[in-house]
Each structure stands twice: as C-alpha cells, then as structure tokens.
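Reader: Hi! I have a structure open and I'm new to this. Could you walk me through it?

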Amino acid sequence: MKEVGILTHSFLDAYNGRIEKIYAGGLERYLYELCGILTELNHKPVIHQLSYCGDFVKDLGMIKICGYQCGQDEHLKVFNRMTEEAAGPLIYSSFIWEPVEYKDGSLGICHGINWDYYASSAEHKAEVGKNIQHALGRLQKIVSVDSHFLTFCRSVCQYPDPDQIILLPNAVDTERFAPGARWRGLQTDDASIRIVYPRRISIERGIIPMMLVADRLLRNYPQVRIEFAGEVIDHSLITKAFRQWLDHNPYRDRIRHRSYTFDEMVEAYQQADIAVIPTIFSEGTSYSCLEAMSCGLPVVAGNVGGLNDLIISGYNGLTVTPTEEELYQAVASLIDRPELRHYLGANAREAARAFDIGIWREKWKHILRSYLELGD
C-alpha cells in the first residue's frame, strides 16, 4: 500500500499526554473518516502531528501516527519539518493561514477560517491574506468545509482556476445520529429541560459566554439542566477557570461535564432538548451542529463561519451574535416555547439529511482518485 501523508496539528491527544486515544474534536473526527476512505482506496494513511509530550510513533488500526515534539512558538518550524520527513503524496490539514513550506502540487484542507475574530488587527488579517495566496500558489487543490473560506479567497486572493477551491461541507451519519426517546415524547415523566454544549472547553468555542448564560438560565429556570460535553486541555488557563467555576457554582447539582468518545457522543444529543453552539470565531461547518440537527435538536448558534451555511435562523435553528445577552434570550425563548423547539428540531432533522456522510464520502473518493491519479 502506498503511503499518503496527512499533516495536522492534532490527532492523538498529545495535548494531555494521552496518545493512546484520539482527541475528541471535529478536526480529529474528520481525519479519522478521511483515513478510512484512503484505506478503502488501498492507500496507507500516515498522520504527522504536533506533540507536546515528546516524539512518538503509534499505530491505530490501519493508521500510522507520527508525533513531533513542539515547543512554544515552534509550530511552524515543526510543521515544515513534517513536510521534509513525510513520504508520498501529502495532504495539509492545518496552518493554511501560515507561511508553510508546502510540497508543490499537494492537497490542502481548510477546516474553517480562524482569523475572523472581529477585534484582531488589520495587519494580522492582511498577513493571513498573503499566506493564503502563497498556499494557492503551491497547492494543487484546497478543500473548504464552508463557503466563507471560498468567499475570502475570491475577495482577497488571485488564482486562475475557479475550481482550485472545492467546497465540501462536513457531514453527519444521519442513521446513527437519530432522534432519541426525548424527541419522540417517550419520557413524559421527566419535566426537566436539558441543554447541551457539545464543544471543546475553549475560548473560540464560546465557553465564556456559555458559562455566563448558564448561570442566568440555572438561576431563572429551576427545571433546566446543562451538560458541557467536550474535551479539555488539562493545564490551560481556560480549563482551570472552567473547573473552578464548575466546582464553586451554586447550581452545581444541575451541571454536568463529560468528555465523550466519538462512539458515545450520540448519547449527549439524545438526552438533550436544546443544543447551544456559541462559537465566537474560528468555525467551519461544525460537526456538533450537524450532529445536534440530525438528532432533531433545536440549535442556538453564533452567527459565525460555517454555522451560517447550516442554519436558516427561525427555520431549523436560531443564529445570533454570540454575546451573553443574545444567546440567553435565544435559549430562553426555546425554554418558554416548546412548540418552537419542536418546529425547529423537526426541520433541523430534515436539513441534516443534505449533509449525510454517504454523500461526503463519495465526493472525497472522487477528489482523492483525481489527486492520487487513480481510475474510477
């Protein structure tokens, strides 16, 4: 089997030194699915990733993973080292906004732009534009998970082939991520309203406004229960702040935090009535949003990045500016109006079918066959 190298910043949990497991984030899930397609096409996927717990080599089924020790402010240097050491055709799945020393003719993936924080400097955003132009000059194709990167490139960059950027949104297994008993009204003995935040505990994913909203919801609605269903980076400042908030919260008995594996994640949605995706910047077509929609949940989301590709506000969810006040009012409206919850959730379930993973897999097979020069 011929090797295909995938270069990324994260796959196994090298943040916390738990390299026996995949870090349970959207990027990691995407790469796991992509490796499955490569294996099906009789290629050997080799993931090259940054590591914060030393160099390592691991095997996970048919996937080989090589970790490269990365110190503070060394990510670009180490990423370029990965380019030098990786064999076979390469797929770049991170740092497309950085001046990476790409192997000419490789394939790139943009998982959502991460330079869209409104308060970032104009100089930084201009520098990103130059780096994206550099990527377009070196990469054969770039797969974009949302329309925002495509529009950014059309607006800021110049490239001769309009098909150099391929729009392919993220996907969801609509058979596995299906409505549960709560959605079907089979748990009538439970009068609680269960809200799930299915995100990493991180700044860009909106954990700060979510904690503020949670305090108000728990104070004003005694029937509300809130679950934070996401990974942490143990020694980060935001994780320490979250755990302190959690430990000392006066409503601690109505808050839960759990990190789910990929296989377990469906449980979090099927036990919930509302999902909140309060991203403040750096978002593609969110797996969490798609999975919640597929399970028939009404979603309250920040009007950020690829979330606007998934939700038509007022039809299959609610999108708002991701501030404490707007998020709170949107969630409160769903608590107060069960008929709106059911209307949005039913439409969300139907909309999710357009993003079924079977469609995504077939499109990726076509992309990879072309890139790897395989016949259909």
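Author: Happy to! Let's start with two strands: strand S15 (residues 299-302) and S16 run parallel and are joined by 3 bridges. Strands here are DSSP runs of type E with at least two residues, helices are H or I runs of at least four, and both are numbered from the N terminus. Two strands count as paired if DSSP finds at least two bridges between them.

Reader: Which residue of S16 stands opposite Ala301?

Author: Ala301 stands opposite Thr319 in S16.

Reader: Before we go on, where do these coordinates come from?

Author: This is a predicted model, in which local features need pLDDT of at least 70 and side-chain atom pairs count only at pLDDT 80 or more, while totals for chains, interfaces and linings use all residues. Residues are numbered from 1 along each chain as its sequence is written, and side-chain values use heavy atoms, with hydrogens and water left out.

Reader: Thanks! How many strands form the open sheet, and in what order?

Author: The open sheet has 6 strands in the order S13-S12-S11-S14-S15-S16, with parallel pairing. Its edge strands are strand S13 (255-258) and strand S16 (318-320), each of which pairs on one side only. From one strand to the next, the twist averages 20°.

Reader: What holds strands together in a sheet, in general?

Author: Strands of a sheet pair through backbone hydrogen bonds, either parallel or antiparallel.

Reader: Which strands does H10 lie across?

Author: H10 lies across S11, strand S12 (224-229), S14, S15 and S16, and runs at about 160° to S16. Such angles run from 0 to 180 degrees between N-to-C directions, and axes are lines fitted to C-alpha atoms, for helices over the stretch in contact.

Reader: How do H10 and H11 sit relative to each other, parallel or perpendicular?

Author: The axes of helix H10 (residues 324-336) and helix H11 (residues 338-352) come within 5 Å and cross at roughly 105°. The two helices are therefore roughly perpendicular to each other. As for the cut-offs, under 35 degrees counts as roughly parallel, over 145 as roughly antiparallel, 65 to 115 as roughly perpendicular, and the rest as oblique.

Reader: Which residues meet there?

Author: Ser333, Leu334, Ile335 and Asp336 in H10 meet Pro338, Leu340, Arg341 and Leu344 in H11. Contact means heavy atoms within 4.5 Å. The residues of this contact divide into 5 nonpolar, 1 polar and 2 charged. Here Ala, Val, Leu, Ile, Met, Phe, Trp, Tyr, Cys and Pro count as nonpolar, Asp, Glu, Lys and Arg as charged, and the others, Gly among them, as polar.

Reader: And H5 with H6, at what angle do their axes cross?

Author: Helix H5 (residues 207-220) and helix H6 (residues 237-247) have axes that come within 11 Å and cross at roughly 5°. H5 and H6 are therefore roughly parallel to each other. Ile207, Ile208, Met211, Ala214 and Asp215 of H5 make the contact with Ile238, Phe242 and Trp245 of H6. That contact of H5 with H6 has 7 nonpolar residues, no polar ones and 1 charged.

Reader: New topic: how many salt bridges are there?

Author: The count comes to 24 salt bridges, each being a side-chain nitrogen of Lys or Arg within 4 Å of a carboxyl oxygen of Asp or Glu. One of them joins the side chains of Arg138 and Asp104 (2.2 Å, N to O). Arg138 lies in helix H3 (residues 122-138) and Asp104 in the loop between strand S7 (90-92) and strand S8 (107-110), so the pair ties together parts that are 34 residues apart in sequence.

Reader: Are those two buried or exposed?

Author: Arg138 is partly exposed, with a relative accessible area of 28%, and Asp104 counts as exposed at 53%. Buried means under 20% relative accessible area, exposed over 50%, and partly exposed in between, using a 1.4 Å probe and protein chains only.

Reader: What about Glu283 and Arg205, how do their side chains meet?

Author: The side chains of Glu283 and Arg205 meet in a salt bridge (3.9 Å, N to O). Glu283 is buried, with a relative accessible area of 4%, and Arg205 counts as buried at 11%.

Reader: Last one: what do the buried residues of H2 pack against?

Author: In helix H2 (residues 75-85), Val78, Phe79, Asn80, Met82 and Thr83 are buried. The buried residues of H2 pack against strand S1 (2-8), strand S4 (43-51), strand S6 (63-69) and S7.
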